Amino acid sequence: MRVAIIGAYGQLGSDLVTVLQQAGGYHVFPLAHSQVDCAEEGSVRKALLEAQPDVVVNSAAFVRVDEAEDRPEEAFRTNALGALRVARVCAEMGAVCVYVSTDYVFSGEKNEPYTEADAPRPINVYGASKLAGEHLTQQSSLRCLIVRLASLFGRAGARGKGGNFVETILAQARSEKTLRVIDDVRMSPTYIFDAAQIIERLIGEKAMGVFHVANEGSCTWHEFARKILDLAAVDATPERISSKDFPAKARRPANSALASVKVMPALRPWQEGLKAYLEETGHIQR
């Protein structure tokens, strides 16, 4: 199976390339931003005609949530218009279009994790742009897979955000900086390598529709930080703060935890994924 990955050197794309190559049976075409501008149809068509893929994974995204509030045109250009361009070219070529979305399509008003059956209602520009990308992908391509991910951490880090939460917490704790972490926002910490393995499985199974892909369970950012420090044996105690004490331009959902009724078996608990990440990156010994 020939699989082209747009955004192949980003946080998810890099691990997905690795997982597909390790799985075998795939001819992988990694496409960097310098090779394809997903919002330019001519650029998309040129890159995909050269690859002639059976499946296209669109993991390119404008992910800077606060900046999106001031730069909505850029967020929608990549996350929505880009999704439209890629999906249309996929439809022309008969390729399956995989669009990578986010937990931020939800409002956060639900007290339990969101499943695929819950209606999205984003409360910030970033979430709105990603939901628009979902709709435009579905409208343009009958053969599409929408994968919603949440609170990612992995080896590549989030290039647009300058790292990941795990590394930030460890660096601050080891530099003896005061740790103040939000304790009233819940989410699903997700190890990117685990998510990439599920996406590979869905591609191999030729799955279609909307799927939530997140490690099992949920926690607050403060609980996540405490577990990071505990597993890494770092002697530091993060201070609990409210999201109201850490004002941001974009509103965040108070609960964006994801659960899936469609991914079976479920991903391992987030605590196990975190331990695997810390072992892989050398923060703790296997």
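Is Gly204 buried, partly exposed or exposed? In this predicted model, Gly204 has a relative accessible area of 40%, so it counts as partly exposed.

**Nonpolar cores**

The largest nonpolar core is made up of 53 residues, and Ile5, Val57, Val166, Val213 and Phe224 are the ones with the most contacts inside it. Helix 7, which spans residues 192-204, gives the most to this core, contributing 8 residues. Apart from this core lies another one of 19 residues, which has Phe29, Cys38, Ala51 and Cys97 among its members.

The surroundings of Val57 can be given in detail: once its neighbours within four places in sequence are left aside, Val57 is in contact with Val3, Ala4, Ile5, Ile6, Leu16, Val98, Val100 and Ile203.

Thr137 lies in helix 5, residues 125-140, and with a relative accessible area of 0% it is buried. Leaving aside its neighbours within four places in sequence, Thr137 is in contact with Ala83, Ala87, Cys97, Tyr99, Cys144 and Ile146, and of these Cys97 is also listed among the residues of the core of 19 residues.

**Aromatic pairs around Phe224**

The count of aromatic pairs in the model comes to 11. Phe153 and Phe224 form one that is tilted, with 5.7 Å from centre to centre and 45° between the planes. Because Phe153 lies in strand 6 (residues 152-153) and Phe224 in helix 8 (residues 221-231), this pair ties together parts that are 71 residues apart in sequence. Phe153 counts as buried at 1% relative accessibility, and Phe224 likewise counts as buried at 1%.

Phe224 also pairs with Trp270, and here the ring centres are 5.6 Å apart and the planes stand at 90°, so the pair is edge-to-face. This pair, too, links distant parts of the chain, since Phe224 is in helix 8 and Trp270 in helix 9 (residues 270-280), 46 residues apart. Both Phe224 and Trp270 are buried. Ring pairs join these residues into a cluster that consists of Phe153, Phe165, Tyr191, Phe193, Trp221, Phe224, Trp270 and Tyr277.

Helix 9 is followed by Gly282, whose phi is positive, near 80°.

**Backbone geometry in the loops**

A cis peptide bond joins Met264 and Pro265, with omega about -5°, and Pro265 lies in the loop between strand 12 (239-241) and helix 9. Two residues other than glycine, Ser151 and Lys206, have a positive phi, and the table sets out their values.

| Residue | Phi | Relative accessibility |
|---|---|---|
| Ser151 | near 45° | 17%, buried |
| Lys206 | near 55° | 57%, exposed |

Ser151 is found in the loop between strand 5 (144-149) and strand 6, whereas Lys206 is in the loop between helix 7 and strand 10 (209-212). The cut-offs explain the classes in the table: buried means under 20% relative accessible area and exposed means over 50%, so Ser151 at 17% counts as buried and Lys206 at 57% counts as exposed.

**The second largest pocket**

Which residues lie nearest the centre of the second largest pocket? They are Ala214, Glu216, Ala259, Ser260 and Ala266, out of 14 residues that line the pocket. The volume of this pocket is about 190 Å³, and by class its lining has 9 nonpolar, 4 polar and 1 charged residues.

Note on methods. Residues numbered from 1 in each chain as written. Predicted model: local features only at pLDDT ≥ 70, side-chain atom pairs only at ≥ 80, totals over all residues. Heavy atoms only, no water. 1 Å grid on protein atoms, 1.4 Å probe; cavity = no way out; pocket = protein on both sides within 12 Å on 5 of 7 lines; lining within 4 Å. Points joined across faces, edges and corners; volume = space filled by probe spheres on them. Nonpolar A, V, L, I, M, F, W, Y, C, P; charged D, E, K, R; others polar. Core = buried A, V, L, I, M, F, W, Y, C linked by side-chain atoms within 4.5 Å. Buried < 20%, exposed > 50% of the residue type's maximum accessible area, 1.4 Å probe, protein only. Helix = DSSP H or I, 4+ residues; strand = E, 2+ residues; numbered from the N terminus. Contact = heavy atoms within 4.5 Å. Phe/Tyr/Trp six-rings, centres within 6.5 Å; stacked < 30°, edge-to-face > 60°.
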